[in-house]
Amino acid sequence: MEFKRTPLVAALLSFLFAGLGQYYNQQNLKGTLFVLINLINLFLMWFVVGLFTYFIFWIYTIYDAYKMAKRANMKLARQSGQIEPSTN
């Protein structure tokens with residue numbers, strides 16, 4: 001069953017830990033992949049390179065969770081007939 005997602009909640013969950021927002025958006029495979037990449041980045045912090053990759057990836061996961069929640073809401077609105085389908 002589809003439910004309306006709150007983009008801010010998705011972003012906040014990814015802020016807490018990369019991948020949680022993707023799980024909230026019902027993107028389980030992407031969420032699992034993001035969690036694994038985040039764990040690898042945490043490990044790489046021991047070698048300094050992780051300091052850069054962790055924060056860049058962390059920001060990306062927050063953006064992705066927000067964007068995908070908005071996209072899911074738009075799709076749900078189109079399916080329920082609340083808005084006209086895009087011609088793009």
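This briefing covers the fold, surface and selected contacts of one predicted protein model. Residues are numbered from 1 along each chain as its sequence is written, and side-chain values use heavy atoms, with hydrogens and water left out. Because the model is predicted, local features need pLDDT of at least 70 and side-chain atom pairs count only at pLDDT 80 or more, while totals for chains, interfaces and linings use all residues. The protein has four helices and zero strands.

**Fold and overall shape**

- Along the sequence the pattern reads α-α-α-α. Helices (H or I, at least four residues) and strands (E, at least two) are DSSP runs, numbered from the N terminus.
- The radius of gyration is 15 Å, well over the 12 Å that the globule rule gives for 88 residues, so the protein is more spread out than a compact globule. This radius is taken over C-alpha atoms, and the rule is 2.2 Å times the number of residues to the power 0.38.
- Taken along the principal axes, the C-alpha atoms fill a box of roughly 50 × 25 × 20 Å.
- Of the contacts with a separation of 6 or more, 47% join residues 24 or more positions apart. Contact means heavy atoms within 4.5 Å.

**Burial and surface**

- Of the 88 residues, 33% count as buried. Buried means under 20% relative accessible area, exposed over 50%, and partly exposed in between (1.4 Å probe, protein chains only).
- The accessible surface comes to about 6200 Å², and 71% of this belongs to carbon and sulfur atoms. Areas come from the Shrake-Rupley method with a 1.4 Å probe; for residues, only the protein chains shown count as cover.
- L12, F15, L16, L20 and Y23 form a nonpolar patch on the surface, with about 470 Å² of accessible area together. Helices α1 (7-16) and α2 (20-24) are the elements that give two or more residues to the patch.
- Helix α1 gives the most to the patch, with three residues. L12 is placed in α1.
- Patch residues have over 30% relative accessible area and no salt bridge; like charges are joined within 9 Å, and nonpolar side chains (Val, Leu, Ile, Met, Phe, Trp, Tyr) within 5 Å.

**The salt bridge**

- A search of the whole structure finds one salt bridge. The term means a side-chain nitrogen of Lys or Arg within 4 Å of a carboxyl oxygen of Asp or Glu.
- D64 pairs with K30, and the closest N and O atoms are 3.2 Å apart. The pair links distant parts of the chain: D64 is in helix α4 (residues 49-79) and K30 in helix α3 (residues 28-44), 34 residues apart.
- D64 counts as buried, at 1% relative accessibility. K30 counts as partly exposed, at 25%.

- T61 lies in helix α4. At 0% relative accessibility, T61 is buried.
- Apart from neighbours within four places in sequence, T61 is in contact with S14, A18, Q22 and F34.
- Q27 sits in the loop between α2 and α3. Q27 is buried, with a relative accessible area of 19%.
- Not counting residues up to four places away in sequence, Q27 touches Q22, D64 and M68.
- Q27 and A65 are 38 residues apart in sequence, with a C-alpha to C-alpha distance of 9.5 Å.

**Record annotation**

- An unreviewed UniProt entry lists residues 31-60 as "transmembrane region". UniProt positions are given in the numbering used here, feature names are shortened, and annotations may be inferred rather than shown by experiment.
- Over residues 31-60 the model is 87% helix and 0% strand. The end C-alpha atoms of residues 31-60 are 13 Å apart.
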